[in-house]
Every structure is written in structure tokens, then in C-alpha cells.
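Please open the model in your viewer and keep the selection panel at hand.

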Amino acid sequence: MERSESVDEDVQASEYLQNDEILERDDPMSDGGCTLRIGDDDEALVCSSDHEIDVGFCQNQDRRSEDDAATGEFDEQSGLLVEGKEFEAPAVGMEFDSYDDAYNYYNCYATEVGFRVRVKNSWFKRRSKEKYGAVLCCSSQGFKRINDVNRVRKETRTGCPAMIRMRQVDSKRWRVIEVTLDHNHLLGSKLCKSVKRNGTKRKCVSSPVSDAKTVKLYRTRVMDTVDNVNPSLTLKKQFQNSAGSPDVLNLKKGDSAAIYNYFCRMQLTNPTFFYLMDVNDEGQLRNVFWADAFSKVSCSYFGDVIFIDNSYISGKFEVPLVTFTGVNHHGKTTLLSCGLLAGEKMESYHWLLKVWLSVMKCSPQTIVTDRCKPLEAAISQVFPGSHHRFSLTHIMRKIPEKLGGLHNYDGVRKALTKAVYETLKVVEFEAAWGFLVHNFGIVDNEWLRSLYEERVKWAPVYLKDTFFAGIAAAHPGETLNPFFERYVHKQTPLKEFLDKYELALQKKHKEETLSDMESLNSNTAELKTKCSFESQLSRIYTRNMFKKFQVEVEEMYSCFSTTPLHVDGPLLIFLVKERVVGESNRREIRDFEVLYNRSVGEVRCICSCFNFYGYLCRHALCVLNFNGVEEIPLRYILPRWRKDYKRIHFAGNALTGFVEGTDRVQWFDQLYKNALQVVEEGSVSLDHYKVAMQALQQSLDKVHSVEYKQ
């Protein structure tokens, strides 16, 4: 099969071969992949694997008749006729034994669809002149050069975007790394293409079957849903909606291709991007997990408290999404990883948590979830040492749904809210709950009964010894919102979510970077009082966390009395009175007991603000101030809120020496963490920035010089 070339075919490649010049490199094209198996059963967890498929085709195939084409089914995703299609549309991940095989495949696919192929670019190695990358495009790609405009030949180019980019990988096979299927012009029903060979042109005619060539195509096969697959149909897939299959991921047509293409694209731009797919024996996709480099680093920082959000599954969203999120040093949510599950089954959750533990290497101190029995069972098996608590936000949001039908709903809602948020002792909560169910005659309400049985996992009065880092939402009006709240709605399709996923992450990353710069570049924040506590933490905390703590300092003035109740050696119990705003904006006085140990500098308030939010409350500050303490004890200044937290985290956890072995993921992790230290230090000032940029450029030049020497 000779190549169909346009006038400017492979200009860069030909000039390089003739003049022996160094071709300017295109954007780096790297490949990555990893396989992880967890468990000994046959149902392996597949990240990426090669399935060898024999694709037989003739180099010059006979075109099918127009009548056959007319009976085909139109595929809205690729714009091609599905029935009778001889060649599967190119997709990211396809691999071929040689460049010629890849070219022949795309040429025959083009002939089948109705367009011509041109080689747009080729890349060669410096010394061996061995080709290692190429871009094949539609012959209508681009536009005429200015000096060609006055030629007699009619303009045939339309700037068509259709193309495939491929490169040679470590196995010496050729892998497709980027694909654009859409054309911006009409496609021919029959194509008789001109081919240039040795300076002459000739018509391409049908060749006998003996000219047929078999090309081995390597591609990870992940099917939406397959039923009764006919092996004689080499690459034809019969898709059906899997909504009726509880053990299979509910994907629509084209979703699996969108997932796979997205993962391949992410691995090319981010070598440490990790994904894992769980498929059954029939090749049907059940569960998916993925995490990028930023999420993995964030998990090493902020994996002490995580929130597993499965509301997209329980809420019957189009996207069966599960997210792992934490709280960063600015008090904002940060994404730790994502997953897609076949359903709310313990087996699916167990698979997801097991993968998360194996990949992220993190055992959280506290895990917050919605009330979900399968997820609860999976957490108890995978993370037996973690504190598993229920999200109070999710529980309170269900009040209208669960209790809205009661004739005295408003009274029930107010009594329940008071029992949850205003009780400080267990005995007070029990009394308030008893009043709720008996006074309104709802003792037999099933939802309230189940809530009461599990109260030690969600009621704030029972959770005072659990550290939440702000995820608990222990005050009225506080909410714990989904990470993708503004990006995913019930009817959002999976393919659209994958696009929005990147947008959401880019926005979150930008916000965190700007907050880092703002906190590091400002030595002091605006002070609102003369309290030494405020001045102390203004130099330590990030701006956002300092503003939260600043509220507590300001509210110290609403506490008008600090009285010792009990003294036992170094132990003292104080009663702090505070004016608060109650229902109907009525001002009330509430009492808070605070324990203070003078010998070790320990202070604990009954409101447990420190465990819920990670900083001391106004009541504890009043007691410290009453006892002449001018600075907050170090034990109550958490490193995770410091503006230099990433820097000190690196100092305490930095890898020393070189990584043993040839694990690229470990290489990337160590390089990423050390480079990030340069970024952190370089953003302090303009002088720091100039030095950091110069150092990075010099390092990059040295790395490139190694490749040029090979």
C-alpha cells in the first residue's frame, strides 16, 4: 500500500533526511501505564493491559456498495456508519507493530469513511534517524500557503481537524496518543485516491484477497456492556444499556470510550496519573478509580480527615460518582481521588477503599460519610483503626423529606435542631430527644428511631473527642457541600462530567495557589483587637484560617464572666458566660465549662471547638487570658493551618538520596515533591522568583542534554 501524499507531505521529515539537520521537537509525547492486582481471585483489578486482536484487511479494499452504506446505522459520536463498517474508528490506546501498519490501518479507515490521508509531521531520533513520532491528518487539513494562492488548482483544504497522533513506545510498537474524528467537510461515499510513487501518479484499484495483510492491534478493551458477542465480527461491539445489571457500571453508548480516552490523555500529560478498572469475566466495566499527582500530594498533606461522598450514587445521578475529599491548610476542600461504582454494594465500596489504601498509602484518622450500611461495612473492614462518623449535614438535609409529612412539622424541626446543636452534655441531649419524640407523638417514627440508635456516630455531643478539621459542620447553618456541586447535576452525562472535571480541578488548583501566594507574601494580617493571641497567629496561620480564628478573638468580648468553679491542684474548672443570639434574634446567656491544667498548659472547652474546627474557641481563650497566658500553647497551633505547612511537611518527609530501582512513579513523586519546594520558596519575592526560574531552566537544559547525548 503506497501512501497518499499531498504536495507538502512530511516536509519536515524529508528535509531532515536530506540535510541531516536536527528537527525541532514537538510537544513531548510520553506514555505511561501500570497494572495493579489486589486479591488472589480471578477477578483482577485492571489498570491497563494488552489484548492482542488480529485485524484483517486488504491494502486496497473494495468499497462497499452505496446500497449497503445506506442501510447502515449512523453513529452520532463518530459521525460514521456503524453497520457494515470494516474498520473500527481510531481511538487513543490503539497499538501497532510498526509505523507502516499504523499508516495502512488509518489509510484503509479513511478509504472506508471517505477522505484522504496526509502525513502532517514526523519526528526522528537525532543520531539513528529512526522515526519515533508522526501525525496523520485528513488531506483537507490546513490551508494553502500565501505563495500558492494564485495557482490554478482549486482550493480543496478546509482546515479540517481530523487527525491521529502516534508515537513509538518502549515496546517498539506504535501507539495512538491523540485522536480527532470530526471533519468539517463532506465525506465521499466512494474514494478512488491518487497515490504518488517514485514521482508518478496512478489510480488505486482493488487488489485481490491475496494482498490482504493482517495487522496486530493492541488495545485495552473496556466495553460498556456486551451481550452475545459474535466472534466472527472482529471488532464490532453490540452495546446495550446496563441499567438492568446491578453488577455492571451503568454506562451509555460512548461512555467507556470517553473514560478510556480521558485516562490515556491524562497519563500522557501526567506520568503519575493513576487509574484502575474493575471488569468482570465478560469484559464489562464494574468499578473505576483514578487519582492525579495533585491529589496524591494533597493526600500526603491532608489525609488525616477525609470525607467520602457517595451522594451522586444514592441520589441516582447520571454519573455514579464517589469522591474522596480533605481539607487543605486554607480550610477549603481539596480532592483526593474519585471513583465510579456499579452500585451501593459492599463489594464495590470494599474494592474502592482497598484500591485507595494501596495507591494513596494513607490511613485516615477520621472518615466522614453519609449513612450507608454497605459503605459502613466496607470501612470497618478496610480501615478498622479509623473513626467512622456520619455527616451531620446530610442528616439535617433529609429532615424535610423524612418528616415533612407530619402535621406539626415546624415544631418537630425546631425541637430536633435544638437537640442536635444546642445540647452540650449527653444528659441534655437525651432529655431533649425524649421531649421531641414524646411531646410530638413520633416515638414510632422509623427514621428518627434509626437515627437515635446510631447517635454516637453523628450527634455532636457524642463526638467531642474526634478530630474533624472543619468537616463536622457542628453549628447551625454550616454545610458540607459536594466537591463538584456546581459542575454536576442529576442529568449531567458522564462525558460532560469528564470535561467539567478538569475545569473544576483547574479552578481549585488556581485558588489554592493564589491563597498560598497571598499567605506567604504577607507577613501580617489586619488586626482587629489588641489581644496577643490574634497577633501571634496572624504571623503563623494562612490568611483564611486566621480570619476564622479572628472571629473567636473578637467574640471574646461577648463572654462577660469567667469564674472558677472547682480547683484540684493544677486542675481548674471555669464557668464562662456568653451572650448568644437565639431564636427570633433574642439574646440569651449560655454557660460553658472549661477545664484548665496549669502544669501542662492544657485547656478544654465543653463546646469542643478545637476538635471540630482545629483552633481554640472564645471560651478557652478567655480562660487563658484570665490566667495571664499571653501566647497560645504550641499544642493548639496545628501545623496543618500554617502558611508554611507544605515547606515544613517536606522538611520532615523529604526523600533522601536516589530512588532504588526503575519505578517511574517513584521517580516522579520524588522529583515532584522536590521541585515543589523550589516553587514554594520561589514565590516569596521577585528576587526569589528570578533565582528559582533560572535554576529550573538550568535543570531542564541539563536533562535535555542527557537525551541529546543518547
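Two strands pair if DSSP finds at least two bridges between them. Helices (H or I, at least four residues) and strands (E, at least two) are DSSP runs, numbered from the N terminus. The model is predicted: local features need pLDDT of at least 70, side-chain atom pairs count only at pLDDT 80 or more, and totals for chains, interfaces and linings use all residues. Residues are numbered from 1 along each chain as its sequence is written, and side-chain values use heavy atoms, without hydrogens and water.

**First stop: the sheet.** Select β20, β21, β22 and β23, which form an open sheet of 4 strands in that order, with antiparallel pairing. At the edges are β20 (559-568) and β23 (602-605), each pairing on one side only. Now select β21 (residues 571-581), which pairs with β20 over 8 bridges. Within β21, Val-576 is the bridge partner of Thr-562.

Angles run from 0 to 180 degrees between N-to-C directions, and axes are lines fitted to C-alpha atoms, for helices over the stretch in contact. Contact means heavy atoms within 4.5 Å.

Select α11 (residues 409-421) and α12 (residues 426-439), which pack at about 170° with axes 9 Å apart. The two helices are therefore roughly antiparallel (angles over 145 degrees). Show the side chains of Val-412, Ala-415, Leu-416 and Ala-419 in α11, and of Phe-429, Ala-432, Trp-433 and Leu-436 in α12, which make the contact.

Conventions: Parallel < 35°, antiparallel > 145°, perpendicular 65-115°, else oblique.
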